[in-house]
Every structure is written in C-alpha cells, then in structure tokens.
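Here is a quick tour of a ligand site and a pocket. Have the viewer open and follow along.

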Amino acid sequence: MNDKESDPAIHVNNLSKSYGSFLALKGIDLIVNRGEVFGFLGPNGAGKTTAIRCMLDLIRPDAGTVSVLGKDPQSDPVAVREYCGYLPGELRLDENISVNSVLEFLRELRGGGENCHIRAKELADRLDLNVKSKIKNLSKGNKQKVGIIAAFMHCPDLLLLDEPTSGLDPLIQQTVLEMVKESRRSGATVFFSSHVLAEVQAVADRVAIIREGQIVEVGETSSLLSGRAWKMKVMFAENTVMRTEEIEALSGILLDEVSSDGRELKLIVDGEMDELIKVLAGYHVESIETGRPDLEEVFLSYYGKVRERDHLGKKGNE
Ligand code: ATP
C-alpha cells in the first residue's frame with residue numbers, strides 16, 4: 001500500500017459525534033501505533049462503538065479528523081476498508097445461507113485468493129465452528145465466530161474489533177486472544193474494544209479508557225499498573241492489638257479495611273513504605289502480602305474517583 005509507514009495506524013484528533021442532542025463523543029484524541037495491540041476500554045455506552053464506526057466511515061463525526069493507515073476514511077473509504085478487518089459490535093448476517101457461503105461471499109467481495117479460503121477453514125477449525133451450518137441455526141457465540149473469521153481471514157494490516165470475545169465461552173475467548181497476539185507477531189495492528197479488563201491486561205500493549213465520550217486515561221498497560229500504589233495485607237499474631245491511628249497518621253498510607261477481630265489490615269501504600277514498616281515493626285506481625293493493583297482496580301479507581309467528584313459536585317450545587 002502507498003501510505004507512509006511512518007503514519008500511525010490510527011490517528012484520531014478532537015473527534016466529536018452527537019446523536020440528536022446527545023453528545024456521544026466529546027472531542028477524543030487517540031494515536032494507535034503500527035504493530036501494537038491497543039485496548040479500548042470503557043463501560044456500556046461510553047462511546048467505543050461510535051468511535052470505531054467513525055474510523056471506518058460507517059458514521060460521520062460532527063467534528064474532528066480521523067486517519068487510518070495514513071488515509072482519510074471519509075475521502076478514501078474503500079482503500080481504508082481494503083486493509084482493515086472489522087468485527088462489528090452487532091453482527092448482522094444473511095440468516096438463510098450457510099457459514100461457508102457467507103465466508104466465500106466475503107472472500108470474493110474482497111478479491112481474496114486461495115490463501116484466504118484456506119485460512120478461513122483453518123480458523124473455523126480452531127474456533128470449532130461447523131461451516132456447513134446455516135446462520136439461522138447458530139447460537140449467538142457461534143455467529144460471533146463467523147464475524148471473527150471474516151475479520152481475520154484475509155490477514156489485514158489493521159484489525160478493528162468491537163468487543164471480539166463477547167458471547168464466547170472461555171476456551172474460545174483464549175483462542176481469539178491468541179489470534180490477536182499472532183496477528184501482532186506477523187506485523188498487524190489490532191485495535192479492540194472491551195469491557196473485560198482481564199483480556200485487555202492479557203494482550204494489549206497500550207490501553208485507553210473512555211468514559212461518557214471522553215478519554216480519561218491512555219498509556220502502556222504495564223505503566224498504567226506499575227505507576228500505581230501498592231496494596232498491602234498485614235496479618236498480626238493472635239492477641240496483638242494494633243493501634244490503627246498510628247497508621248492513619250502516616251502520609252500516603254490509606255487504611256482500606258480492618259478485619260472484625262483487628263488482626264488483618266488491608267492498606268493502600270501510596271507514600272513512604274519505610275515509615276510504615278517502622279510502625280509495623282513495633283508489633284508481632286505474622287505475615288505481609290504486597291502487590292500492584294491490576295487493571296480492574298485501576299479502572300474502578302477511575303470510576304470511583306469520577307463518581308466521587310460527580311457526587312461532591314452535585315452536593316456542592318445543592
Ligand atoms: P457498549 O459497550 O454498550 O457497546 P459503547 O461504548 O460501544 O457501549 P456506543 O454504542 O458508542 O457505546 O454508544 C455511546 C452512546 O451513544 C450511548 O449512550 C448510546 O446510547 C448512544 N448511541 C449510540 N448509537 C446511537 C444512535 N444511533 N442513536 C442515538 N444514540 C445512540
């Protein structure tokens with residue numbers, strides 16, 4: 001293709017989209033680099049599907065620009081779609097024909113050759129899908145597999161997957177995540193939306209979190225996790241009475257939970273670990289467990305913070 005390899009796979013600048021008076025995207029910016037797996041994370045209704053549809057010119061934004069593989073999807077939609085594999089969030093297929101016929105039709109439409117045909121068969125085997133079945137006889141998960149095969153079978157440069165694992169059983173979810181990793185290994189870029197945090201954590205190099213049409217965080221999955229506070233669980237020996245006010249007096253240490261017998265404390269350590277250890281050393285400690293929060297906790301902390309802010313804002317306005 002004749003786009004510049006230096007262009008990002010996706011470049012979204014100040015993208016806004018409203019449905020009537022409802023503003024679904026509020027000026028979002030995103031850069032997805034070539035060859036990375038990028039997770040687009042957000043709760044229901046956050047604007048993930050809207051953003052993906054704008055990337056393929058399936059809907060038109062009100063403002064902002066989108067560039068996909070160095071091309072403008074509005075002026076060059078065919079070129080963009082030629083190099084993309086797209087799995088829509090809500091798949092609509094002709095119900096009265098077989099899986100095989102759907103895949104053959106799509107292959108011909110794309111001008112895909114024998115390799116594409118062979119790959120579709122391989123993927124159907126891997127995903128345990130009977131290609132002779134009529135679409136109308138397939139379960140929701142099996143229909144989703146047809147969409148996944150259609151997105152991957154021509155080995156596109158860019159995969160845009162809208163909640164790819166939705167409706168799939170856990171084993172097949174793993175297979176799809178393997179396929180995502182394999183695509184990256186062969187040089188493709190994968191952009192996928194999800195509200196399943198574990199899968200984003202498992203495969204995405206970078207992640208953006210969207211909430212109510214706004215990007216609230218973008219970063220490398222690993223640094224999003226490592227930049228955070230530590231979690232700590234401290235267990236005291238029997239009959240030890242910990243004076244929790246000593247811990248509460250330390251800056252950057254949050255007392256998250258105290259067990260009913262007072263023997264177990266859960267802490268968030270966002271400050272000096274050294275001060276905390278010195279306080280704990282005055283007691284008979286049985287065990288200490290520490291760990292970084294996972295993406296789920298990071299994600300929830302954003303919503304917690306935003307909810308808290310909204311709540312305070314509302315109270316302030318009362
Ligand atoms: P989900 O995870 O539930 O699929 P999403 O993050 O993909 O959600 P969108 O489907 O992009 O979210 O929807 C964003 C907002 O825009 C939602 O509030 C939704 O109700 C609204 N919306 C989406 N499509 C339309 C439409 N055609 N007409 C009116 N409102 C719409």
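## Around the ligand

The largest share of the shell around the ligand, three residues, comes from α1. Helices here are DSSP runs of H or I with at least four residues, strands are E runs of at least two, and both are numbered from the N terminus. The model is predicted, so to speak of local features takes pLDDT of at least 70, and side-chain atom pairs count only at pLDDT 80 or more, while totals for chains, interfaces and linings use all residues. Residues are numbered from 1 along each chain as its sequence is written, and side-chain values use heavy atoms, with hydrogens and water left out.

Of the 13 residues around the ligand, G45, G47, K48, T49 and T50 come nearest; being near takes a heavy atom within 4 Å.

## Polar contacts

Look for pairs of N or O atoms within 3.5 Å. A backbone N or O atom of G45 sits 2.7 Å from a ligand oxygen atom.

## The largest pocket

The largest pocket has 27 lining residues, with Y86, P88, L106, L109 and A150 nearest its centre. A pocket is an open set of points on a 1 Å grid over the protein atoms alone, where a 1.4 Å probe fits, with protein on both sides within 12 Å along at least five of seven lines; lining residues have an atom within 4 Å of a point. α3 gives the most to this lining, with six residues.

Conventions
Polar contact = N/O pair within 3.5 Å; in protein donor to acceptor, adjacent residues only side chain to side chain.
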